[in-house]
Amino acid sequence: MKFMKLGSKSDSFQTDGNSIRYVATELATDITVNVGDIKFHLHKFPLLSKSAQLQKLVTTANGENSDEVDISDIPGGPSAFEICAKFCYGMTVTINAYNVVAARCAAEYLGMHETIEKGNLIYKIEVFLSSSIFRSWKDSIIVLQTTRSLLPLSEELKVISHCIDAIAAKACVDVSKVEWSYSYNRKNLPEENGTESNLNGLRNRSVPKDWWVEDLCELEIGLYKRVVITIRTKAILSDEVIGEALKAYAYRRLPGFSKGMIQSGQAAKYRSIVDTIVWLLPAERGSVSCSFLLKLLKAAIYADFGDTTKGQLIKKIGHQLEEASVNDLLIRAGEGETMMYDVDSVKKMVEEFLMRDQIAEIESEEGHEVQEMRKPGILSDASKLMVAKLIDGYLAEIAKDPNLPLLKFIELAEMVSGISRPAHDALYRAVDMYLKEHPGISKSERKRICKLMDCKKLSVDACMHAMQNDRLPLRVVVQVLFFEQVRVAASSGSSTPDLPKSIRDLNNGSQRSSRSTTTNTEEDWDAVATAEELKALKEEVASLRLANGRNGVDKAASNKLKGMLKSKKIFTKLWSSKGEKGEKSGSDSSESTGSANMEEAKSTPSRNRRHSVS
């Protein structure tokens, strides 16, 4: 730390109790200066020779108190006045980064200018500031911190602006020229973790571009904002470095922010800091991580920000939504909400993400000279796929909320339904989770939510699970069986077997066969194939799986499917339902009826009573 020593005489200031200061000398004191609760018993000559303000006060004083003046409003209080008084006496006094601003403001208040005496205190302090303090990185930060308690005079004297300019200039200097010490967090460097054999490499490591960000975290948010604005004005540092600085400040100044946890009773503090950080965020996409933006949004919701701030964050998040994780999107709903999570905000993020594609297409068609250019990969198929998978995982989490309306679940799922995914396993898990947590939904609602997934895109494991899932409508189970048969046939190199007409109709969503002349939409959805048709399908799938097993193709899956088919859990349910309709259908053979009855006898009473699953 830089410092300046003034005067050469020994310090003879003495203390008498807590409220009396005096100079130990043979000469009697002839003036009393009151600064708050402290009385300074001093001599007029050394003080008046350097202070225009004290000259004025003594001249205008009259009556019994002509030798006593009050300057309780002096900036810096008693300690700052004592520095000025010692300077007047020529006593040794040390000026450093912690007291220089107070001394400068007190000297200004006392009028210690060059017009009163050459080499006065103001001049000496100004030289010290410009030649030492403002050339030191850490001293400049310390000085800037001390200016808050000395407003507005510290602002009027331009101490704050000079400090900010000095700090900004040093932050923007070429890193190859950084030689002063700084407080950079090295916990992520390999040398610090002992993972590099040459532990002396740290001394040879180049200075990182964001070396300054942690030191600035010591500043109060108002001063911090001004420093960052000045740094950005110089247009030397990249937006990524500015973003890293904002992230470091939020993590340091907001308790629990890094973990996405907001401490109670901190709303006012969060509101001030988050609002400033959002205002300072660079416009460039990717300058801060999507995870950081989502943490800011959570804090904004907690601190009850207006729609403008939250809207700005949601728009930025939407522009890089593919970077988010499911945990990032789990934003707790505000007070008074019945739902567990803020699903509406996530919907807006997806809208922003999809909107960018539309904006780019429209501007390209209109042939604007200034177009919204897209960086490679921003809206590529890979990015869209990542967002679709992200939403699938998010749906599986929010489906656990018993208060989540079906409409919100479906609306969010349909927003990404146009994005092709190679597999629908994650979406199936989300649908199954919703059915599990909301067993009371109607048949039509169950039908609607199941339409979100494509049975053709379920993996073998997902198909195995679906075949035994009592929560799924029967039609979905039959669809799974059908597409599994097609997949087995394709993998074995054989042609796809012909399926009974009723199952084809069931799978294709067409009207049922002529056996049923008056069927409504609900009956179509819950339709159950005949025992003969399902038996044929069962035997076909089993034979294909066994053939694959002999050929060494998907042997584990074939064994699993074979065991499942033998268990007859699904078919028992299907056949028992169809068995009760056998009398009405005159086309079922005695063999199929007997098969149905055999399976019906093995089924549980509860399954016998269940005609359809919705």
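Reader: How many disulfides does the structure hold?

Author: A disulfide is a covalent bond between the sulfur atoms of two cysteines. The criterion here is a pair of cysteine sulfur atoms within 2.5 Å, and the structure holds zero of them. C455, for instance, is in no disulfide: the nearest cysteine sulfur belongs to C463, 7.8 Å away. This is a predicted model, where local features need pLDDT of at least 70 and side-chain atom pairs pLDDT 80 or more, while totals for chains, interfaces and linings use all residues. Residues are numbered from 1 along each chain as its sequence is written, and side-chain values use heavy atoms, without hydrogens and water.

Reader: Does C455 count as buried or exposed?

Author: Buried means under 20% relative accessible area, exposed over 50%, and partly exposed in between, with a 1.4 Å probe and protein chains only. C455 has 6% relative accessibility, so C455 is buried. C163, at 0%, is buried too.

Reader: Where does H438 lie?

Author: Helices are DSSP runs of H or I with at least four residues, strands runs of E with at least two, numbered from the N terminus. H438 sits in the loop between α19 (425-437) and α20 (443-450). Its relative accessible area is 9%, so H438 is buried.

Reader: Which residues is H438 in contact with?

Author: Contact means heavy atoms within 4.5 Å. Leaving aside neighbours within four places in sequence, H438 is in contact with A399, D401, P402, N403 and L404. A polar atom of the H438 side chain lies 3.0 Å from the backbone oxygen of D401 and 3.4 Å from that of P402.

Notes
Polar contact = N/O pair within 3.5 Å; in protein donor to acceptor, adjacent residues only side chain to side chain.
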